[in-house]
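Take a look at the sequence and the fold first, and then read on.

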Amino acid sequence: MTSASFPPSRSTLHRFTDLDSVIDEVHGLFSHWQEAGTFEPSLSSFMLEVVKLAVHEWVANLVQHAQFGGTAPEIALSMWPGADRLRCTIEDNSQGFDLQRQLTLQTLHLTGHKPPERGRGLLMVMACTNDLSYTTTSEGRQRLEFWIDGADDDLCMTVPF
């Protein structure tokens with residue numbers, strides 16, 4: 001297994017290095033957290049599914065499109081539950097990309113004559129999250145950070161399906 005848990009507090013950190021298995025490992029983590037009630041009462045079961053959707057879409061984009069420049073991929077998922085919301089970060093050692101440009105392209109595709117069936121993942125991430133930012137850290141890693149409000153069951157009603 002390429003992921004690890006630290007320490008036995010309510011916050012979590014998991015690291016992944018195998019792009020062939022990272023999606024299955026992420027789904028396994030969320031299934032475990034769902035069964036164990038790990039983030040209750042900060043997040044409802046439904047809102048944990050919303051977080052899972054956002055994390056899945058971001059990690060799937062890393063698997064499909066990220067350039068790691070010949071280095072071994074490293075992806076770190078961290079989550080911190082608060083009283084009524086959850087903070088999530090996903091850091092990786094890829095070369096990164098222009099998020100705003102990709103969001104603009106995906107939005108334009110939706111308004112076209114025949115919108116494609118794929119290519120809406122970043123829009124889904126934006127629709128499922130609050131206070132999202134994408135930055136390069138001082139160590140040169142790419143960091144996605146967002147919040148999910150635990151009681152905001154209407155948050156994902158704007159998901160572009």
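What follows covers the strand pairing, the cysteines and the nonpolar core of this predicted model.

**Strands**

| Strand | Partner | Bridges | Direction |
|---|---|---|---|
| S3 (residues 85-92) | S5 (residues 142-149) | 8 bridges | antiparallel |
| S4 (residues 130-136) | S5 | 5 bridges | antiparallel |

Cys88 has Phe146 in S5 as its bridge partner, and Arg143 in S5 lies opposite Thr135. S4 and S5 also make a hairpin, with 5 residues between the two strands. In its turn sits Gly140, whose phi is positive, at about 85 degrees.

**Cysteines**

If you are wondering about disulfides, the structure has 0 of them. Cys88 has a relative accessibility of 0%, so this residue counts as buried. Cys128 is buried because its relative accessible area is 0%, under the 20% cut-off.

**The nonpolar core**

The largest nonpolar core contains 33 residues, and Phe30, Val55, Trp58, Leu77, Met79 and Ile90 have the most contacts inside it. At least two core residues come from each of helix H1 (22-36), helix H2 (45-65), strand S2 (75-81), S3, helix H3 (99-110), helix H4 (121-128) and S5. The biggest share comes from H2, with 9 residues. Nonpolar side chains tend to be buried together in soluble globular proteins.

Leaving aside residues up to four places away in sequence, Trp58 touches Ile90, Phe97, Leu99, Leu122, Val125, Tyr134 and Leu144.

Note on methods
Residues are numbered from 1 along each chain as its sequence is written. This is a predicted model: local features need pLDDT of at least 70, side-chain atom pairs count only at pLDDT 80 or more; totals for chains, interfaces and linings use all residues. Side-chain values use heavy atoms; hydrogens and water are left out. Two strands pair if DSSP finds at least two bridges between them. Helices (H or I, at least four residues) and strands (E, at least two) are DSSP runs, numbered from the N terminus. A disulfide is a pair of cysteine sulfur atoms within 2.5 Å. Buried means under 20% relative accessible area, exposed over 50%, partly exposed in between (1.4 Å probe, protein chains only). A nonpolar core is a set of buried Ala, Val, Leu, Ile, Met, Phe, Trp, Tyr and Cys residues joined through side-chain atoms within 4.5 Å. Contact means heavy atoms within 4.5 Å.
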